[in-house]
Structures are given as C-alpha cells and as structure tokens.
Amino acid sequence: MIEQDFIPKTYSETKDSGSVTWSSPSNIALVKYWGKKEHQIPENPSISFTLNNCKTTTTLSFSRKESNDVFSFDVFLDGEQKDSFKSKIETFFNRIERYLPFLRDFHFKIETSNTFPHSSGIASSASGMSALALCLMSIEKELSSEVSEAYFIKKASFLARLGSGSACRSVEGDLIVWGTHKEIDGSSDLFGVKYPYEVHQNFKNYQDTILLVDKGEKQVSSTVGHDLMHDHPFATRRFEQAHENMSKLIDIFKNGDVDTFLKIIESEALTLHAMMMTSMPYFILMKPNTLEIINKIWAFRIETNSKVCFTLDAGANVHVLYPESEKEAVLKFIENELVAYCQNGHYINDQIGFGAQQIDN
Ligand code: DP6
C-alpha cells in the first residue's frame, strides 16, 4: 500500500457525536528504530515484542462543532486536565489531517490512563499514540461504510506512526516488524505488520520484567536522539547492521536458537546507547545501576546457563527478557539480586501480548 491509499474519499455517513474507547499496549524493540527521515519514515527496519500489561486506555468523545477553522480538543490524564500534552497532539493532528479530513469538524475530549505509573520512566508514547490512532479509526469507521477490518488495522498503525514511530508496532502482536526489509514479505516503512514467518515455541510467551532504574524525565527526548542520527559518523553502518540483524533473526526465530537471539538483542541495546554516546552533542541515558544490572545478568548467565538477557529503550530502565520456562528461576534472581538497583525497588512483570483491544463504552 502507498500513502495515497490512506486518504479517504468523501464519507458516506454523518454522525454528530459519540464516544469510543481503545486499550493499547506498549512494545519493546529487539532490533531498534533509531534514526528517521522526513514524515516519520524510519532509517532502518525494526522488530518488537508487543507487551501485555503495560498499556494505555483512551476514550475519545467527539461532538460536531460550528466552524471547522481550528483543531479543538481537551486532554485528561487520570481525570485531570493535561494541557502539557496538547502541543504533541496538535502536531499529531497536523500530520494526520490529510488522512482524516473530519478532524476539524469535531471537538474532542481525550481521556487517557496508563496501567504503569506516569513517572516510571516508561515511555507512554507508543501505547498512547496507538490508542488515540485506533480511537480515530473507530470514528472514521462510523463515518464510512468502506472501512474493512484489514484496512482499519493498517491505517491505525499508519496513523500511530505519525504520532510516534514506535507506536505503529503496538496495534497488533505478538511480534511486529516496521520498516522495509528485503527478506520480510509485506514489510513497510509506513506501518507495522505481523512478523509473517515461523516462530519457534521457545519464543512464545516470552517474559519481560521491566526494572525501573530511574523514573525521572529523560534529559534527551527520543525525537532529539533520532535527529542526531543525521550526520552521525556511524549512521550508515548502523542502518546496515539493523538490516543484517533482522536477517539473522529470521533463522533464529525459526530454529529457536535462544543463545544467538540474546547476543543480537543485547548488541542492539548497547548499539542504541553507543549511538547516543557518539552523537554530537553526545549524551548518556544509562545510569550506574543500569550497568550494575547488566553485569549481574551476565554473571547469572555464566553461573546458571540461563538464557536471560537484557534490552534497553531510550532510558536507564532495563528490560529483562527470558523464556517462559525460566520464569520462576529468573523472578527469584530478580528479587534476590536486581531489585536492589531499582528505584524504590520498583519493577513491572510483563510478557508478550497480542495487541490493542476495543472496549465497549
Ligand atoms: C529507542 O518512537 O519514541 O524506543 O518517532 O520520535 O516518537 P518518535 O520516537 P520513538 O522512538 C523509539 C526509539 C526506541 C527504539 C524502538 O522502540 O525501536
């Protein structure tokens, strides 16, 4: 599909008001998206596990307004008005207006809440933007009889991408590819797709325990970090490497080789942070406790032959990934050895999930 396919013809139905609700999960990238072109087009393909427990629920209420000169909306987080979210949503609406021409016709009330604490250092942009994109698609579906199930999902991911790149990987589960890769049929820079090939039992129900090392605001936003990949001395090689790692994962997913899997996953995490450290200006998002945890995981692996590994997103928190078969042993290890490095001992147990869900109002 191309971009033009997401521009609707005139709508067949009219609707004056209503309300829709979606719950959408976060995701954790295995091969990282870091660097983008204009219009939220990624510099390289990425792949992620969709999560299950960390999610955002958004209710979008809409009522037709008199004039259609401006966007009109209010945002609430946990029942409290959040004007600080408005500029991000205004930018999102500007980017998607071409594809949703009804946006100026309504006043919107956006009511959102997260299952994870707001100040946990867990980014809510993937779950939040995908939930909002899905709500907007539900409205489009009410205005048009032509919206098929498949189109709905693709366009929701397409719109979510324009809100936040990684959000396009949160609409479905359990393993999602975003960005064109020559060996992955159907992969696209425009939206996320389900990983289309065989996945070994070892990777089913994979566990992710998120260790909250630092719950503060990030000093450097992802958007700024992506920008620093322009003119980055290692960018070209890094983008090639992401393609290579995606190719390697195809075999790994098929034959269940968890040992090779964890080498790629950890290398991707450290490469992401290496890109930050070698940007100009350079920055470091890891904290001393991030490194303590990484070293503990490596020691535990040597001692016990466990397949536990870590990945990082653009922050200090550590995602501890492990097969379901090791759940008991790894949770004990986390309790005994890693919790001490978490801020206030906080961590969140999550696992692979299957994507967003509409909730009846
Ligand atoms: C490190 O999707 O948050 O988590 O498109 O600017 O909103 P924007 O960036 P964002 O970047 C996420 C980067 C990452 C890696 C990943 O999720 O692939």
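Helix α1 (residues 86–96) packs against helix α2 (residues 125–143) at an angle of about 50°, and their axes lie 13 Å apart. That makes α1 oblique to α2. The model is predicted, and local features are reported only at pLDDT of at least 70, side-chain atom pairs only at pLDDT 80 or more, while totals for chains, interfaces and linings use all residues. Residues are numbered from 1 along each chain as its sequence is written, and side-chain values use heavy atoms, without hydrogens and water.

Helices here are DSSP runs of H or I with at least four residues, and strands are runs of E with at least two, numbered from the N terminus. Axes are lines fitted to C-alpha atoms, for helices over the stretch in contact, and angles between N-to-C directions run from 0 to 180 degrees. Angles under 35 degrees count as roughly parallel, over 145 as roughly antiparallel, 65 to 115 as roughly perpendicular, and the rest as oblique.

On the α1 side the contact (heavy atoms within 4.5 Å) uses K88, I89, F92, F93 and I96, which meet S125, M129, L132, A133 and L136 of α2. These contact residues divide into eight nonpolar, one polar and one charged. In this classification Ala, Val, Leu, Ile, Met, Phe, Trp, Tyr, Cys and Pro are nonpolar, Asp, Glu, Lys and Arg are charged, and the others, Gly among them, are polar.

Helix α1 also packs with helix α3 (residues 149–163): the two axes come within 8 Å and cross at roughly 130°. That makes α1 oblique to α3 as well. This crossing is right-handed. F92, R95 and I96 of α1 and L159, L162 and G163 of α3 make the contact, with four nonpolar, one polar and one charged residues.

The structure holds two cavities of 30 Å³ or more. On a 1 Å grid over the protein atoms alone, a cavity is a set of points where a 1.4 Å probe fits but cannot get out, a pocket is an open set with protein on both sides within 12 Å along at least five of seven lines, and lining residues have an atom within 4 Å of a point. Grid points are joined across faces, edges and corners, and a volume is the space filled by probe spheres set on the points.

| Space | Volume | Lining by class |
|---|---|---|
| Largest cavity | about 90 Å³ | two nonpolar, five polar, four charged |
| Second largest cavity | about 40 Å³ | two nonpolar, three polar, one charged |
| Second largest pocket | about 200 Å³ | five nonpolar, four polar, four charged |

The lining of the largest cavity consists of G121, D214, G216, E217, K218, Q219, L285, K287, G315, A316 and N317. G121, I122, I210, D313, N317 and H319 line the second largest cavity. The second largest pocket has 13 lining residues, of which P8, K9, S144, E146 and Y151 are the closest to its centre.

G173 and D174 are joined by a cis peptide bond with omega of about -5°, and D174 sits in the loop between α3 and β8 (175–178). Another cis peptide bond, with omega of about 5°, joins M280 and P281; P281 is in the loop between α6 (258–277) and α7 (288–304). N305 has a positive phi of about 65° although it is not a glycine, and N305 lies in the loop between α7 and β11 (309–312).

Conventions
Left-handed = near helix turned anticlockwise from the far one by under 90°.
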